[in-house]
Amino acid sequence: MPSLLKKSKFNFSTSDLRDLKSVDSRPMVVDWSIGKNSCAEVKKSGMYNACQGNSTCHDPGNGNGYLCRCLDGYRGNPYLPNGCLDIDECTDATINHNCTHICTNLIGNYTCSCPKGYQGDGRKNGDSCTRRRSLVIQIAVGTGVGFTSLLMGITWLFWGYKKWKLMKLKEKFFRQNGGLMLEQQLSRREGPVVETAKIFTAEELEKATCKYHESRIVGHGGFGTVYKGILTDGRTVAIKKSKTIDQSQIEQFINEMVVLYQINHRNVVKLLGCCLETEVPLLVYEYVANGTLFDHIHDRSKVSTFTWEIRLKIASEIAGVLSYLHSTASIQIIHRDVKSTNILLDNSYTAKVSDFGTSRLVPLDQNELSTMVQGTLGYLDPEYLHTSQLTDKSDVYSFGVVLVELLTGMKAMSFGELEEREIYRCIFLVHLKEDRLIHILRGLHGEPR
């Protein structure tokens, strides 16, 4: 029977035909396969039964039939039942496992691990085993992470709740500070519509005044404190903050807003906006830097520069404002508190009438109003004081007192010298009627300044 020899081990020559026995010492190779169909074909036909447990079918290199082989991690005869047995990769000398510390055999495979107190996957080409942090550290780290996450969650919920609460509080303050009243009054307003002033946020005004620091106070009005503020755009403004929030104060605040919306005059302090979302209402005006008329009349350090020309110019400008309010504005406005402390001066001594908190709008079909008497003693119209009938003449009387104050340098009212001031006033009126104005100015207060 002829033998099959491995091609690389045999070179044919004619001598081999004469001596056939020498072929017996040559290596023999048997190449064989099962059937003529490939693995895919026998699987499809359902006749694939030669390969036993833990084995698989594969196609031979010559392309005919199919062969069986054990699965990875198994070794043995794939044609026998249970012929493929598990290889213990951890102990088999022929297997070079990849573990650096502990190797554990599994059915058909193996796994690596680290000793107690270490962490990592224990593989040579993976994470090497490193000493594990102590249990105390793990607990501390875990607790810290958990506490931080809990704290962040609570903080997020707290800020969310605080933001919602602040929004509700601002809505409450808006209603409490007369926001709805202001909207109603502006909707009923007569005459041409003036551009709406800006609505400032509480944060803007708080930042502008350094949280309403005492150093920013520039004056005290009848119904609040005035602060100097610097907005983010660089503008300097005056911010009026009401003292209290009772209903009468709210009405005065809203009244001042409505009145100022009616006014468009260079000698009236311009209203820039308001804030209604704080506990007390706020008004934002243009800032007038040179103090009040009262300061310039009665402060000895300023009197020397306060010439007659400046005084007459200021008197003319105040008179122009009152004429505008009483006759030119779309609806007549009575200021009701004309006095030297409510007249501001800029650096060029231009007068700016301010503080319209007590002012009243007079309907076109009325010449006077019956109101509760409000104003400042010394400047208050005696007829209005006794009858409570408010007319534009009440402002004219107050202006007359300011004019006398400008001319004489005397204060309109001093409680310690009430009788003396009343005498001066009577004397002034007598001399004025007798056309002896220069005499009264010199006689009561020396040479006019």
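Helix α11 is followed by Gly 409, which has a positive phi, near 80°. The model described here is predicted.

**Helix α11**

- Helix α11 covers residues 392-408, which makes 17 residues.
- At 1.5 Å a residue, helix α11 should span 24 Å, and its end C-alpha atoms are 25 Å apart, so the two values agree.
- The buried residues of α11 include Phe 399, Val 401, Val 402, Leu 406 and Leu 407.
- Asp 395 and Glu 405 are also among the buried residues of α11, as are Ser 394, Ser 398 and Thr 408.

**Aromatic rings**

- The structure holds 5 aromatic pairs.
- One of them joins Phe 158 and Trp 159, whose ring centres are 5.8 Å apart.
- The planes of these two rings stand at 70°, and planes over 60 degrees apart count as edge-to-face, so the pair of Phe 158 and Trp 159 is edge-to-face.
- Phe 158 has 45% relative accessibility and therefore counts as partly exposed.
- At Trp 308, the charged end of Arg 311 sits over the ring, 5.8 Å from its centre.

**Lys 241**

- Lys 241 is located in strand β12, which runs over residues 236-242.
- Lys 241 lies over the face of Tyr 212, 4.1 Å from the ring centre.
- With 24% relative accessibility, Lys 241 counts as partly exposed.
- UniProt, in an unreviewed entry, lists Lys 241 under "binding site".

Key:
Residues are numbered from 1 along each chain as its sequence is written. This is a predicted model: local features need pLDDT of at least 70, side-chain atom pairs count only at pLDDT 80 or more; totals for chains, interfaces and linings use all residues. Side-chain values use heavy atoms; hydrogens and water are left out. Rings of Phe, Tyr and Trp (its six-membered ring) pair if their centres lie within 6.5 Å; planes under 30 degrees apart count as stacked, over 60 as edge-to-face and the rest as tilted. Buried means under 20% relative accessible area, exposed over 50%, partly exposed in between (1.4 Å probe, protein chains only). A charge sits over a ring if NZ of Lys or CZ of Arg is within 6 Å of the ring centre and within 35 degrees of the ring normal. UniProt positions are given in the numbering used here, feature names are shortened, and annotations may be inferred rather than shown by experiment. Helices (H or I, at least four residues) and strands (E, at least two) are DSSP runs, numbered from the N terminus. The expected span of a helix is 1.5 Å times one less than its number of residues.
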